[in-house]
Amino acid sequence: MDKTTFLKIIQSDTQKLKHRDILVNACLKNTSWASFLLTNMKSVDNENSNVSARILELSCKKNIEIIIPYLDFFCELLNKVKLNGVIRVCSKICELLMIEYFVNKNHKIMNSLQNEHLEKIIEAGFIWMITDQKIAVQAYTMQTLFLLGTKFDWIHNELAIIIEKNIPTGSTGYKNRGRKVLRAIETSTNLKL
């Protein structure tokens, strides 16, 4: 697939879902196209933002390293996106990055993510945790911030306060994920003592 066809499918009203796997595979083969997807995600009033975000998310799930050349752009985007679907995708990509960094110890990710990137992910994460976001965003963000808290001690305390405050009124999904993260924070705190 050439770039013109790729762009036409993303911008069409009828072919996006039908060709989703084709778009993901095209993006994985032509990783520079991720920059177009990120640029498209910036638009707050364009339905193609959600489609572009979803294609980027699915591509990152298959190969998170395609985002490496665009980490500056991606992290700058975190506090600028407004559409629910795009925020959800950004929170998922943040979670994928942190799993690769902290759990899988992916050296390419570890060497590419600088403290400035981590700080922007932390900032966006806390904003997502204290604003009215969908449960998926908050669930991904809880995991992201928990993992970041293994590097930055202060995060666990702040995250625990937010979760404990919101559990009584949270959805079942929020309560389940929140309790799991609180247990993990407690366990990690006990290991440090």
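Select the buried residues of α4, then show what covers them: the cover includes α1 (3–11), α2 (20–29), α3 (34–41) and α6 (84–103). Here covering rests on contact, meaning heavy atoms within 4.5 Å. Helices are DSSP runs (H or I, at least four residues), numbered from the N terminus. This is a predicted model: local features need pLDDT of at least 70, side-chain atom pairs count only at pLDDT 80 or more, and totals for chains, interfaces and linings use all residues. Residues are numbered from 1 along each chain as its sequence is written, and side-chain values use heavy atoms, with hydrogens and water left out.

Stay on α4, residues 48–62. Of its 15 residues, 11 are buried, so the helix is largely enclosed by the rest of the structure. Buried means under 20% relative accessible area, exposed over 50%, partly exposed in between (1.4 Å probe, protein chains only). Among the buried ones are Asn48, Val51, Ile55, Leu56 and Cys60. Now check the length. The expected span is 1.5 Å times one less than the number of residues. That gives 21 Å for α4, and its end C-alpha atoms are 21 Å apart, which agrees.

Next, select Leu56, Phe74, Leu97 and Leu148. They have the most contacts inside the largest nonpolar core, which has 66 residues. Such a core is a set of buried Ala, Val, Leu, Ile, Met, Phe, Trp, Tyr and Cys residues joined through side-chain atoms within 4.5 Å. Its largest share, 11 residues, comes from α6. Centre on Leu148. Leaving aside neighbours within four places in sequence, Leu148 touches Met98, Phe102, Leu118, Ile121, Ile122 and Ile155.

Move to His117, in helix α8. Is His117 buried or exposed? His117 is buried, at 7% relative accessible area. Its side chain reaches the backbone nitrogen of Gln114 at 2.9 Å. Beyond four places in sequence, His117 is in contact with Leu71, Asp72, Cys75 and Ser112.

Last stop: aromatic rings. The whole structure holds two aromatic pairs. Rings of Phe, Tyr and Trp (its six-membered ring) pair if their centres lie within 6.5 Å; planes under 30 degrees apart count as stacked, over 60 as edge-to-face and the rest as tilted. Select Phe126 and Trp154. Their centres are 5.7 Å apart and their planes at 25°, so this pair is stacked. Phe126 lies in α8 (115–130) and Trp154 in α10 (154–166), so the pair ties together parts 28 residues apart in sequence. Phe126 is buried at 14%, while Trp154 is partly exposed at 45%.

Conventions
Helix = DSSP H or I, 4+ residues; strand = E, 2+ residues; numbered from the N terminus. Polar contact = N/O pair within 3.5 Å; in protein donor to acceptor, adjacent residues only side chain to side chain.
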